[in-house]
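I opened this model to look up its pocket, its salt bridges and a few backbone angles. My entries follow in the order I made them.

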Amino acid sequence: MEYEDKAGRPSKPPSPKQNVRKNLDFEPLSTTALILEDRPANLPAKPAEEAQKHRQQYEEMVVQAKKRELKEAQRRRRQLEERCRLEDSIGNAVLTWNNEVLPNWDTMWCSRKVRDLWWQGVPPSVRGKVWSLAIGNELNITHELFDICLARAKERWRSFSTGGSEAENEDAGFSAADREASLELIKLDISRTFPNLCIFQQGGPYHDTLHSILGAYTCYRPDVGYVQGMSFIAAVLILNLDTADAFIAFSNLLNKPCQMAFFRVDHGLMLTYFAAFEVFFEENLPKLFAHFKKNNLTPDIYLIDWIFTLYSKSLPLDLACRIWDVFCRDGEEFLFRAALGVLKLFEDILTKMDFIHMAQFLTRLPEDLPADEVFASIATVQMQSRNKKWAQ
């Protein structure tokens with residue numbers, strides 16, 4: 001039969017040599033089989049010994065390729081088994097939280113079993129409920145109060161954008177300058193909140209929700225107003241709770257002594273927290289503590305950002321949420337224990353750095369921190385010094 005090329009001209013049938021590799025039982029993903037090809041007609045044929053040697057080389061390559069494929073298949077199987085194990089574990093944990101813990105919260109939340117569950121990470125599907133219950137609502141904020149604060153915030157935004165009188169603005173609890181600064185800060189910070197997720201940016205699905213919660217809070221607590229860092233806390237709550245419940249949790253969270261000290265910039269109380277932190281720092285990591293002292297690296301340089309955003313800006317989001325899980329369980333003490341865990345994890349690296357590099361490293365932690373490693377490090381931190389606990 002005559003073969004035709006694309007132009008329709010007759011062409012020669014393919015040489016049997018061109019089909020030589022189609023008959024091989026196995027062909028690696030490289031060009032190793034080329035060594036079995038006969039030499040071109042213008043070159044002398046391979047000697048028998050060389051042909052035999054090439055056959056052996058090829059067979060060895062095939063064996064190695066099969067080994068690699070087997071190893072890769074085993075790795076994939078292990079990954080799949082691990083994923084299935086993790087999914088089963090999360091599924092079982094969800095059942096335990098939903099069927100045993102949440103219906104009997106008051107009696108079960110502080111039990112050993114639940115504390116262990118908490119440490120392993122609260123499953124995302126129940127995280128919002130657990131956080132709400134753990135944070136509590138000491139301020140007795142209702143959904144109606146949120147609606148009132150939000151309506152007031154919207155009224156102020158309208159008044160401000162249409163240039164309402166300064167007297168009206170001051171009657172509402174803000175001077176014109178304060179309102180402008182607060183509004184501008186909120187607008188600016190929302191665009192910088194988890195920029196990689198894009199969901200809080202202008203036009204994103206949660207942009208208006210975040211704006212609403214932050215605006216409502218400035219009306220609820222005009223004495224505090226909006227402070228940079230708040231947007232990250234509100235954003236994490238929005239990802240886990242309905243809008244009104246996120247506002248309730250947000251307001252109660254910021255009302256805790258540690259958060260209020262930082263957000264109201266109570267220098268005296270902040271220094272007390274830093275001094276307490278340094279007691280446990282020296283107790284747990286004496287070598288690194290001495291290195292920090294020698295280089296004049298004080299806790300405020302790295303701790304303020306970590307505490308202000310409850311680690312949500314400093315750590316990968318999934319890891320930050322696990323920090324939040326235990327923070328909701330243990331309170332402010334865990335924020336400082338987590339800080340010591342992070343420092344311990346990087347102790348060897350940090351002791352080799354000077355002031356500038358340490359400050360840069362701690363204000364921009366690696367983005368691929370494995371949660372299990374961080375929590376294993378935190379678990380070794382003891383929050384007791386000379387028989388005194390954190391609260392003392």
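The model is a predicted one. I began with D116, which counts as partly exposed because its relative accessibility is 35%. I then looked up its partner: D116 forms a salt bridge with R112, and the closest N and O atoms are 3.7 Å apart. Both residues belong to helix α3 (residues 112–119), where they sit four residues apart, about one turn of the helix. An α-helix has 3.6 residues a turn, so residues three or four places apart point the same way. R112 has 64% relative accessibility, so I noted this residue as exposed.

Which residues of α3 are buried? I found V114, L117 and W118 to be buried in α3. Viewed down the axis of α3, the buried residues fall within an arc of 100 degrees, so they line one face of the helix. Just after α3 I noted G121, with a positive phi of about 105 degrees.

I counted 13 salt bridges in the structure. One of them joins the side chains of R127 and D325, at 2.8 Å from N to O. This pair links distant parts of the chain, with R127 in helix α4 (residues 124–135) and D325 in helix α15 (residues 317–330), 198 residues apart. Are R127 and D325 buried or exposed? R127 has 9% relative accessibility and therefore counts as buried. D325 is at 0%, so D325 counts as buried too.

I next looked up E278 and K293, whose side chains meet in a salt bridge of 3.6 Å, N to O. Here E278 lies in helix α12 (residues 267–284) and K293 in helix α13 (residues 286–294), 15 residues apart, and the pair links distant parts of the chain. K293 is partly exposed, because its relative accessible area is 46%. I also logged a network in which salt bridges with shared partners join E72, R75 and R76.

Most residues other than glycine have a negative phi. Where is F194 found? F194 is in the loop between α7 (176–191) and α8 (207–220). Y311 is in the loop between α14 and α15. F194 counts as buried because its relative accessibility is 10%. Y311 has 1% relative accessibility, so Y311 is also buried.

I read off a volume of about 740 Å³ for the largest pocket. It is lined by 27 residues, of which P195, F232, S312, K313 and S314 are the closest to its centre. Which helix gives the largest share of the lining? I found that α14 does, with five residues. Both α14 (300–308) and α18 (355–363) supply at least two residues of the lining.

I then sorted the lining by class and got 14 nonpolar, seven polar and six charged residues. By domain, at least three lining residues come from each of domain 2 (138–162 + 174–255) and domain 3 (260–389).

Terms used: Residues are numbered from 1 along each chain as its sequence is written. This is a predicted model: local features need pLDDT of at least 70, side-chain atom pairs count only at pLDDT 80 or more; totals for chains, interfaces and linings use all residues. Side-chain values use heavy atoms; hydrogens and water are left out. On a 1 Å grid over the protein atoms alone, a cavity is a set of points where a 1.4 Å probe fits but cannot get out, and a pocket is an open set with protein on both sides within 12 Å along at least five of seven lines; lining residues have an atom within 4 Å of a point. Grid points are joined across faces, edges and corners, and a volume is the space filled by probe spheres set on the points. Ala, Val, Leu, Ile, Met, Phe, Trp, Tyr, Cys and Pro count as nonpolar, Asp, Glu, Lys and Arg as charged, and the others, Gly among them, as polar. Domain bounds come from an automatic or database domain assignment. A salt bridge is a side-chain nitrogen of Lys or Arg within 4 Å of a carboxyl oxygen of Asp or Glu. Buried means under 20% relative accessible area, exposed over 50%, partly exposed in between (1.4 Å probe, protein chains only). The arc is that of the directions from the helix axis to the C-beta atoms.
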